[in-house]
Amino acid sequence: MSGAPPATKPVMSSSPSLWTRLSNPSHFMRWSGTLVPWLTLLSALLLAVGLYLAWFVAPPDYQQGETVRIMFIHVPAAWLGVFFYGAMSLSAIGTLVWRHPLADVAQRAAAPIGAAFTLVCLVTGSLWGKPMWGTYWVWDARLTSMLLLFLIYCGLIALWRTIEDPNRAARAVAILTLVGAVNLPIIKFSVNWWSTLHQPASILRMGGPTIDPSMLYPLLVMIAAATLGGSTLHLYAMRTEVMRRRVRTLTIREAERLDAGRPRVAPAASLPLGQPL
Amino acid sequence: MSRALLALIARDLALATRVGGSGALSLVFFLMIVALVPFALGPDLNLLSRIGPAILWLAAVLATLIGLDRLFQADDEDGSLDLMSAAPVPLELVVLAKVVAHWLTTGLPLALASPLFGLLVALDGTGMGATALTLLAGTPALTFIGAVGAALTASIRRGGLILAVLVLPLMVPTLIFGVSAAESASGGTVPFTTPLAILAGLSLIAAVVGTLAAAAALRWSE
């Protein structure tokens, strides 16, 4: 690689842009700290409104009856499963292009949340499928795509856990995330092809966007509530991850300090340097 | 630059065919899986010939994973990977050479041997030829996708299991089009060339994305 990147970013230059200031880790801890309680409150309110609408206002479906209410959890969860993969891909670009530590943190925090929502989507879909299709699982194109998305999430989390050094792990996961992002449309396309080959239309399916407004508005409120709630969780998880890294750095520094106080017997066996951040 | 490419391919081919190489081993593994399936399903030749292409493709996917974890790890351990990345050729070229050599010692033998193994699952002549052709077109995609996982796990001890977890979901499209092309050759609604062309396209995409991503993974894992 030509032109080695500078070892430290001049974060506090004379006139840093708004984005630079907001993404500085200690600034981030400050503004996210004040924002998280409000966001929590707001998403709880929105969730309460959404759940009220979904339970009491939205009518039961003329064919599916009360089970259609599963949709109000199922669809937002599916959306968030995809949403967090998008967030991870953006963070991955931040990790690889700018080597920004906060991008690493955002990416790491997003993976378990995205995986959890994808799992919720699969489980609720399966519970919905039992009364509607008569089976917990069909190899339908959409189900299969979500299952593969879940497996990719699992692989990413496994890679995070396998590589010990957080900076190296972030770069490895970022590359895999982007390869996965290139692959996801291909997977979606090929699974559609595959399911039309193997599965002639034999299953009852909701008619896509032809959904009655009385159900659409509660659904939209639930999607908004889930997006806000998911983003709040993400912000919260990012704060936890920043603190975890600080603890890690402090522990290593403390070990070095104790090591330095001791008579030097084997200097070659000293600990590696602490990671920045 | 092409001399460096050829030299690297020749080096890896020599390594694979000598002691400690895994070239012939993946072929034996391929045969092993194909031979195991009838024991699980029963010796019903009609059933076996119907799912024959699927068995061969599944075996090819699993056999590709064999030895993949050593693709970059062996060179990482003895330091030759450091020499290669310090060489005046781009790291992408090194990756390309290593992956091509790996495909020549695993994917190509699998594709060439598949008509023989097709006999075991009672494929007819058309089915055998079609399966061999799809394997020839599709196994490069498997190897290139696998190379990304191999590069990511190059410095991880016991990286084989996580390598499989990482790359298998990404191999699904190749598997789908490989099997559907092979099956459409022996009767079906889709013409044989359509999935075959998509399969070849997947291999080309994987060659570009896989080479770049694997080189990036090796470069950034320093």
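Of the contacts in chain A between residues at least 6 apart in sequence, 77% join residues at least 24 apart; two residues count as in contact if their C-beta atoms, placed from the backbone, lie within 7 Å. This is a predicted model, in which local features need pLDDT of at least 70, side-chain atom pairs count only at pLDDT 80 or more, and totals for chains, interfaces and linings use all residues. Residues are numbered from 1 along each chain as its sequence is written, while chains are lettered from A and ligands numbered from 1 in the order in which they are written.

Chain A has seven helices and zero strands, and its elements run α-α-α-α-α-α-α from the N terminus. Helices (H or I, at least four residues) and strands (E, at least two) are DSSP runs, numbered from the N terminus. Of the 277 residues in chain A, 34% are buried, that is, with 20 or more other C-beta atoms within 10 Å of their own, all placed from the backbone.

The contact between the chains takes 24 residues from chain A and 19 residues from chain B. On the chain B side, helix H8 (125–152), helix H9 (160–167), helix H10 (172–185) and helix H11 (193–220) each supply at least two residues. This side has 17 nonpolar, two polar and no charged residues. Ala, Val, Leu, Ile, Met, Phe, Trp, Tyr, Cys and Pro count as nonpolar, Asp, Glu, Lys and Arg as charged, and the others, Gly among them, as polar.

An unreviewed UniProt entry annotates "transmembrane region" in chain B, including residues 132–154 and 194–218; such annotations may be inferred rather than shown by experiment. Residues 132–154 of chain B are 91% helix and 0% strand, with end C-alpha atoms 31 Å apart. Residues 194–218 of chain B are 100% helix and 0% strand, and their end C-alpha atoms lie 36 Å apart.

Note on methods: Buried ≥ 20, exposed ≤ 12 C-beta atoms within 10 Å, placed from the backbone.
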